[in-house]
Amino acid sequence: MNEAVRARFRRHCRPKPKLTMSEWAERYVVLPSATTRQAGKLRLAVAPYLRTVMDAISDPRTQRVTFIAPSQSAKTTFGIVVVLYFAHQEPSPQLVVQPTISMATDFSKGRLTPTVEASPDLNGIFGVPRSRDANNTILSKQFAGGQLDIAGANSPAGLASRPKRVVMFDEVDRYPEEAGNEGDPISIGEARTRSFQRTRKIIIVTSPTDEPVQDADGRWSGSRGWREYLEGTREVWEEPCPHCGEYQVLTFDRLKYGDPGDGAVDPETVYYPCVVCEQPITEEHRPQMRARSRFRQTREGASLAHRSFHVQGLSAAFALWDELATEFRKKKNDPVTLKTFLNTALGVVWKDVRAENQKDLLLTRAKRYDGLSDDVELAYDVPRDAGVLTAGVDVQHDRLEVSLWAWGVGQQAWLVTHEILHGDPTQPLVWERLDEWRALKWTHESGAKLPITAMAVDAGDGNMANHVYRWCAPRLGEQVFAVKGHNSPTAPLTPRVPTKVKPGRLYMIGVNGLTERWYRRLNMPDGSHGPGYVHLNHRATEDFVKQLLGMERKYDPKTRRRRWVPRKNTRVEAADCANYALAALLLSTRDEELVAILRRMNDPVTAETTGKATAAMPYATAADLYDSSPSTPRWLP
Ligand SMILES: [Zn+2]
């Protein structure tokens, strides 16, 4: 062998330097300018937590790594580094699973390819990109020592590929529960690593969703990623106070800032009081804190085989504290947007108020609307923001249970009363009682006497159905509807056309969707008066609230969906009545009509100004949030 050949041989066969993943990343990865905030050679000093997470993956003792992090934390860059490391430094067959095929395509085209092109040492690692090379497509790329497949969790075909040493599940909390008919996408993907038992790497990355809960049958729902986190070492990211040096997890609820009214939070007013010395920590301190930040394991004795890491919003590399505060102020009043903020911007799980606490919480709401003391005669039943009354009637063998709800714009709801009319519904007497009750008028804050606008009566019990039809049919012109809960969890809230029955009409209602709506609203933060909010008065007894909260969401293997069902040994008449009353509202009254009614009722003289005030309410958008399906009155057969 001559010297030149020997030199070339040495150059090519020189073993690659042993590098941890973070060392490798900072040496080889260059971020393209078009796709990231931080173009140029990758510098992990900005996102130091990534170092620990990356090095855990390249640690031979670790087979599983879970990383829970918010947006702005550079977690996509992290995913790109993992893929390229296992193509270049430790070539291994790999599978990357994105929530959907189109996200898989975006990951490949939008992030992976530009990074490869921007990184001189990695150029051409997946072959020549422009050639019509079957080995280098968007979702499948070959490299020396392995193949990378990129799949969507919604498509079982892509998941069931060849054996893989490395499988990365990205944004797991956005996965469908099942991939087609094949079952859980994570189990399918994980099964690919079977032949690499000891050396496999399973990587789970996501921002979380709901706190995981188990139903009575042991079936889990809620954040899949957070469940993984809990099974690992549970390492939290801590930063040292610049004043006293104390390490602490920076949590958003401690952040202080001035009240900007409707505008953006002024960065000058934002600070974080240290948990120990209470001295203000500000945005300017963050770079120096970063350099000394670290993960602390909170689960003692957990095996290094599964390391799990959590980084929160205030520590995310590219999140600015004043921007987070501004976003929070915009989103805090609506449970739907607040949840997205917590999950995505802060990277924390959303905790639904548990039934027990929730019952107590709701009971503290149960006060007279007139605000007067208990020994004074009730001034009114219905406050000024409500203008329409609807009743829901639940039919039992020995009684009727009726709930009366008052409605405002955006389906803001006020309980008026819940009553029991005793008697056998196969006999006329109890129906006569219901007639009398339906004729009652209720006092509005304006002094007006309000009649009941519409009523829905449960015809779901086969033995009772004929009696219900017979009572409802002649009253249909007065908006008295016979209703029955639809079996399908996806049925529309109210039917386009009623079903003909003898005598009269039957309205099949989407009870699953109606329950979902009530429960989302019952979970709204206390005191957030506005569209969707549920008010209770002094007539809401503990038993009533228990019944109202008596439903739980359970997995239904037949429809492969979760649906609302009564908890074991729990009565749910109040919840049923609430669904029927809401259906009666949807069948009878449009939101615009309600606005007009309220305007007339509350201020007949200055309707002009009231009109303006009402129009300025954010109901149009907020109501949209709560109402995915539009409601039009279609009570006439
Ligand atoms: Zn301190």
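Mentor: Start with one rule: two residues are in contact when their C-beta atoms, placed from the backbone, lie within 7 Å. Keep in mind that this is a predicted model.

Trainee: Which residues of α15 and α17 meet?

Mentor: On the α15 side they are Val511, Leu514, Thr515 and Trp518. On the α17 side they are Ala575, Ala578, Asn579, Leu582 and Ala583. By class, this contact has seven nonpolar residues, two polar ones and no charged ones.

Trainee: At what angle do the axes of α15 and α17 cross?

Mentor: Helix α15 spans residues 511–522, and helix α17 spans residues 573–588. Their axes cross at roughly 100 degrees and come within 10 Å. Angles of 65 to 115 degrees count as roughly perpendicular. The two helices α15 and α17 are therefore roughly perpendicular to each other.

Trainee: How do α10 and α11 pack?

Mentor: Helix α10 (residues 321–331) packs on helix α11 (residues 335–346) at about 155 degrees, with the axes 8 Å apart. Angles over 145 degrees count as roughly antiparallel, so α10 is roughly antiparallel to α11. The crossing is left-handed. From α10, the contact uses Leu324, Glu327, Phe328 and Lys331. From α11 come Thr337, Leu338, Phe341 and Ala345. That contact divides into five nonpolar, one polar and two charged residues.

Trainee: Now the whole chain. How many helices and strands does it have?

Mentor: The protein chain has 20 helices and 28 strands. It runs to 637 residues, of which 42% count as buried. Take the contacts between residues at least 6 apart in sequence: 70% of them join residues at least 24 apart.

Trainee: Which residues have the most contacts inside the largest nonpolar core?

Mentor: They are Ala25, Val53, Val81, Val82, Val83, Phe169 and Ile203, in a core of 86 residues. Helix α4 (residues 75–88) supplies the largest share of this core, nine residues. Apart from it lies another core, of 68 residues, including Tyr369, Leu506, Ile509 and Ala574.

Trainee: What does valine 82 touch, leaving aside neighbours within four places in sequence?

Mentor: Valine 82 is in contact with Ile57, Met168 and Ile203.

Trainee: Where is arginine 470 placed?

Mentor: Arginine 470 belongs to helix α14 (residues 465–472). Its C-alpha atom is separated by 9.5 Å from that of alanine 482, 12 residues apart along the chain.

Trainee: Why does arginine 470 count as partly exposed?

Mentor: Count its C-beta neighbours inside 10 Å. A residue with 20 or more is buried, and one with 12 or fewer is exposed. Arginine 470 has 15, so it counts as partly exposed.

Notes. Residues numbered from 1 in each chain as written. Predicted model: local features only at pLDDT ≥ 70, side-chain atom pairs only at ≥ 80, totals over all residues. Axes fitted to C-alpha atoms, helices over the stretch in contact; angles between N-to-C directions. Helix = DSSP H or I, 4+ residues; strand = E, 2+ residues; numbered from the N terminus. Parallel < 35°, antiparallel > 145°, perpendicular 65-115°, else oblique. Left-handed = near helix turned anticlockwise from the far one by under 90°. Nonpolar A, V, L, I, M, F, W, Y, C, P; charged D, E, K, R; others polar. Core = buried A, V, L, I, M, F, W, Y, C linked by C-beta atoms within 7 Å.
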